[in-house]
Amino acid sequence: MNGYDGKMYNGSQQYGSARMMPPVSAGVPPYSGVHGQPMMNPPGRPGPDGNMMMNSQNVYNAKSQFPQQPPIENQMRNVQLNDHNAPMPTSTQNSHHPPSSYGNAPPMSGPSGTTYNHTSQYQPQPQYGAPPIQPNRNPPTSYVQGPPSGPHAPNYSQPPTMNRGPGPGMIPPPSSGMGGIAPRMGQPPVSSMGPPGPGMVPPGPGMGQPGPGMGQPPVSSMGPPGPGMGQPPVSRMGPPGPNMGQPPAPGMGHLGPGMLPPTSNQKMGQPLGPGMAQPPGIMGQPPGPQMVQPPGMMGGSGPQMDGRMQPPGSGQYGSQAPQPRRLDPDAMPSPIQVLSADQAKSTEPFRTDNPGLVPPLVTSKFVAEDCGSASPRYIRCATYNLPATSDIAKTCQVPMALSIKAMAKLPQGEAPALIVNPGPEGPIRCKRCKAYMCPQFKFHDGGRRFQCVMCSAVTDTPHHFFDHVDHMNQRVDKYQRPELCRGSYEFITTKDYCRNDEFPNPPAYIFAIDVSYNAIKCGLVELLCNRIKDLLDNLPCDVGAEETSIRVAFFTYNNSLHFYNLKSTLAQPQMLVVSDVSDVFVPLQDGFLVSVKESRHVINSLLDQIPEMFADTRDTEVVLAPVIQAAVQALKSAKCPGKLFLFLTSLPTAEAPGKLKTRDDRKLIGTDKAKVLFSPAGNVYSNLAKECVAQACCVDLFLFPNQYIDIATIGQVAQATGGDIFKYNFFRPEVDGERFIKNLAYDIERDIVFDAILRVRTSAGIRAVNFVGALSMSNTTDVELAGLDCDKAICVEIKHDDKISEDLGAFVQVAVLFTSVGGQRRLRVHNLHLAVCNQIGDLYRSCEADVLINYIAKTAIKAGLTDQESKIREELVTRVANILAAYRKHCATPSSAGQLILPECMKLLPVYLNSVLKNDAIHSSHEISTDDKAYLRQLITGMDVAESQVYFYPRLFPVRQFTPPNLPTPVRCSEERLDDSEAYLLDNGLSFFLWIGNAIDPEWVRSVFGVQSTAQIDIDLGNLHPFDNPSSQQLRDLMDLIQSGRTRRMKLAIIRQRDKLEPWFKHFLVEDRGMGGGASYVDFLCHIHKEIRSILA
């Protein structure tokens, strides 16, 4: 018999490196069908110093080279807070504006009638010199009256230097205490004081500066006033929990982002690093000395020394300081309010026939109707109104980015992409640019010719496609042909669209199982072999097919490879071993890839015997590159695409191609050499990824490491082929088993296509220039994907190469050529019609912040391979500040320089960006391992807009307010929003965190956990016990409802108030100051305001 490489061997003898092993004993247990992630996590950044003080003449208006916008001032929203740094404008034009109301005064109404109640514990000063309401102005705008600014404003331009706590999505290992952390230089103090108290008057000319704390009652969290009244107030984060500040227990390890804590009987090999205790100057400690009181300011802006905080111990730590004012968080843009308001107005179906119309947010439930342009389920844009010229694009600096989810699964009630069979002639295309027929093509000469909307070329209509046009110049068969009336559709292609002009075979699924000592000992092999039998019943089927066409294969490996003959005519499986892994080959062809239906008894027998065959193994080393090579060879011999499910427990250290060494050096994180840690070690796996793409072999990695496994190197195979990575640190079947199996089940049964090529065509004047995502490109135009599932999204940036016509608009066509799971070669086409504008205000009115953040995060991850993280963070802040500064300069109503003015569609951009900057994928942290950081980066790279939105700004639900079937209204991600008599469920799309207040009703604790008090709750529970009572059912229903909208199975972490795990939970409260020095929402808004004023100065 011939092997895949042409080598001869005999089944009864050993040839070369292959030898026949004794038959595996039979035994076919009954089976039944079932349906079935790892974890992870989410959340600073620097910027240049600058004087924010502006004179009364520095009031920017909308006069510029760009025309004024149409009258829409009645849509504007005005949220104002006093900025005592800003001088009072002297213009008499503004003098008649009535002062704003605060404190106990009646609610203030903005120009649109929106009422804002400022319920700060202090009554701020009324605003002086505010501009009058101007009718017929520009796009909807949010005003936030300035935070502390000027030369002594808080500064974030210094990169963090302090070791910090666990990254986003991470849960700390239980220990007897937490180590302290060193204070961080370069971070501003937390402002927690309110504005001046009632009765205060603004300083007039010649008035002296009030003393520290003058006229202000003590902050509630500071206790009675004492000698330190002038010092910054203590943070309201609550007292430290028990054991805080004590050294960690020996032997406790560090968990990566999103990891859940090991139980008490779990051993970890690394000590818990610093970052768990509250740092001086950040949480409840006074900042350093050298605090400056800027002249003309009420209350000052906090301690400064040349724009930076002093390190602790460098001066009089207890010296008096002016009271910093605190902005009212309720007056700042709230993600919760924005999402709720969008859901409330998304009651009507969204029709796609209105170019420039912004669709409902990804968080809203709505129905999309395909009316000739692609549904937002498939394509979302950073702006739906493109600038007509490159000059306008450079002025506003809003990237023209698209998020493309070409194979998205539509919700119930929406029609899927219809399949068209164009016959042996194939799809109709433009003769010049090769664009496919779409609703935007125009017919001429009674339908005998058609004009391409992309390049304007005229093509003769083929005879078989001809039909007449009506008096509106529309084809009479328009609504009988999806390509003439739908924005998304599919063509069945001809041989011309296939490799080597041959129709492909149905794909295959190959399962490669690690049977080394580590895999056997942790229980992975036994669990996988027992449960995968049922999962094979749920292999995906093609449209209209009753049975799957996918074939399967199994092989095991440690320091050698073991192949199995599963031919249906055999009574028992046969095993062949390849020990020469330096030149691997597959020793059998017939019987390796088999039909599940035909070979069910042989497959079950094999899965029953694998745990027994390797139960006594002592092989601790494994190979990896030969495993992937063997799968590629098997698919190549079978002339079919496929998917490799690879299960790995340790770093591949056996002598073979692709051998790796440990290179985890956290000391390099945050330095210029950090990028080396996240670049592949050698080119073996890079070349292997290219081979996989060429053979359409998609690779999914299921990793179960107890130590470093070099995801930065091996993960590129999954990323380049369109695959996924699932990671389970310190795997234990009783805790992680069910989550692993459900992730595997979903990965097996979800919709997927293979051997895909994606190309983006655009109309004249624009072109696609930058592609970001889990993809591979061998040229500048074609995106190659070995596999493309229904959850993958890629980002594409479009740039100008000429002026665009405002009357015609802009057009984008996304074509995806692929092989279906049934082996059919098809072509899916998405057409998008966008508006074009000559006024900047129209562009800002049509932006979508969620898409912008998704694109910014992915480009930052890509830049991390070449640039230092501090530089990346600084560039992100500068980019966003330029976007907002352009809006302020060209679109906003002239107003006081102390006001922060945000576009209505972008008012959440600062809070989202701050969350991105605090995320461990971008933020420099010595507490997160390089493996965890690399895992985070690859995870973000493949996220769609919905996943990144909830990942960067988690949902925090009050549990006991849940009434099915609707989710409870979430609260903002801030500690001050937590009620200690309530329980909250935090969801970041990767993990659940159940926070339980100390004052919660004991009856609820008994009903949900079966114990008498919160102190008795077992925090190591991976899943809740189902008790038969309303409270228990309510919590489980809430978790199930949230889980139904997530692609990965989320693990539960139980957090008790003031418990040792609470700092990990607080890491997700992204509006608060980060444990690693990341700015709070309030402070970051101050910094963005400072950057904007510096740009406009």
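Where is the place of Lys434? Lys434 sits in the loop between S10 and S11. The model is a predicted one, and the protein in it has 1097 residues, of which 62% are buried.

**Confidence in the model**

- Across the protein the pLDDT averages 77, and 70% of the residues score at least 70.
- Residues 1-137 keep a pLDDT under 50, and the model has 426 contacts beyond four places in sequence for them.
- A further stretch, residues 146-323, also has a pLDDT below 50, with 478 contacts in the model beyond near neighbours in sequence.
- Where pLDDT is low, the predicted coordinates should not be read in detail.

**Overall make-up**

- The protein contains 21 helices and 33 strands.

**Nonpolar cores**

- In soluble globular proteins, nonpolar side chains tend to be buried together.
- The largest nonpolar core here has 130 residues, and the members touching the most others are Ile510, Leu561, Leu646 and Tyr844.
- Not counting residues up to four places away in sequence, Tyr844 touches Cys396, Val398, Ile883, Ala886, Tyr887, Cys891, Pro903, Cys905 and Met906.
- Another core, of 44 residues, lies apart from the largest one and includes Ala519, Leu607, Ala745 and Ile752.

**Helix H5**

- H5 covers residues 524-535, which makes 12 residues.
- From first C-alpha to last, H5 reaches 16 Å, close to the 16 Å expected at 1.5 Å a residue.
- H5 is largely enclosed by the rest of the structure, because 9 of its 12 residues are buried.
- The buried residues of H5 include Leu524, Val525, Leu527 and Leu528, and also Lys533 and Asp534.
- Among the elements covering the buried residues of H5 are strands S15 (508-514), S16 (551-557) and S20 (642-648).
- Helices H4 (517-521), H6 (600-613) and H11 (733-749) are also part of that cover.

**Helix H16**

- H16 runs over residues 930-941, has 12 residues and reaches 17 Å from its first C-alpha to its last, close to the 16 Å expected at 1.5 Å a residue.
- With 12 of its 12 residues buried, H16 is largely enclosed by the rest of the structure.
- Among the buried residues of H16 are Asp931, Asp932, Lys933 and Arg937, along with Leu936, Leu939 and Ile940.
- The cover over H16 includes helices H8 (674-677), H10 (711-720), H13 (849-863), H14 (869-890) and H17 (945-952), as well as strand S22 (725-727).

**The loop between S10 and S11**

- Cys430 lies in this loop, between strand S10 (418-420) and strand S11 (442-444).
- Cys430 counts as buried because its relative accessibility is 1%, and the cut-off for buried is under 20%.
- Leaving aside neighbours within four places in sequence, Cys430 is in contact with Ala435, Phe450, Cys452, Cys455, Ala457 and Thr459.
- Cys430 and Asp460 are 30 residues apart in sequence, and their C-alpha atoms are 9.2 Å apart in space.
- Lys434, in the loop between S10 and S11, is partly exposed, with a relative accessible area of 40%.

**Backbone exceptions**

- Most residues other than glycine have a negative phi, and most peptide bonds are trans.
- Lys434 is not a glycine, yet its phi is positive, at about 65 degrees.
- Asp755 is not a glycine either, and has a positive phi of about 50 degrees.
- Asp755 is placed in strand S23 (residues 752-762) and counts as buried at 9% relative accessibility.
- Pro964 and Pro965 are joined by a cis peptide bond, with omega about 5 degrees.
- Pro965 is in the loop between strand S30 (955-958) and strand S31 (983-987).

- Glu1062 is found in helix H20 (residues 1062-1066) and is buried, at 7% relative accessibility.
- Beyond its neighbours within four places in sequence, Glu1062 is in contact with Trp995, Ile1055, Arg1056 and Gln1057.
- Asp1083 belongs to helix H21 (residues 1081-1096) and is buried, with a relative accessible area of 1%.
- The side chains of Asp1083 and Ser1080 make a polar contact at 3.2 Å.

Technical notes. Residues are numbered from 1 along each chain as its sequence is written. This is a predicted model: local features need pLDDT of at least 70, side-chain atom pairs count only at pLDDT 80 or more; totals for chains, interfaces and linings use all residues. Side-chain values use heavy atoms; hydrogens and water are left out. A nonpolar core is a set of buried Ala, Val, Leu, Ile, Met, Phe, Trp, Tyr and Cys residues joined through side-chain atoms within 4.5 Å. Buried means under 20% relative accessible area, exposed over 50%, partly exposed in between (1.4 Å probe, protein chains only). Contact means heavy atoms within 4.5 Å. pLDDT is the predictor's confidence in each residue, from 0 to 100. Helices (H or I, at least four residues) and strands (E, at least two) are DSSP runs, numbered from the N terminus. A polar contact is a pair of N or O atoms within 3.5 Å; within protein, one must be able to donate a hydrogen and the other to accept it, and residues adjacent in sequence count only if both atoms are side-chain atoms. The expected span of a helix is 1.5 Å times one less than its number of residues.
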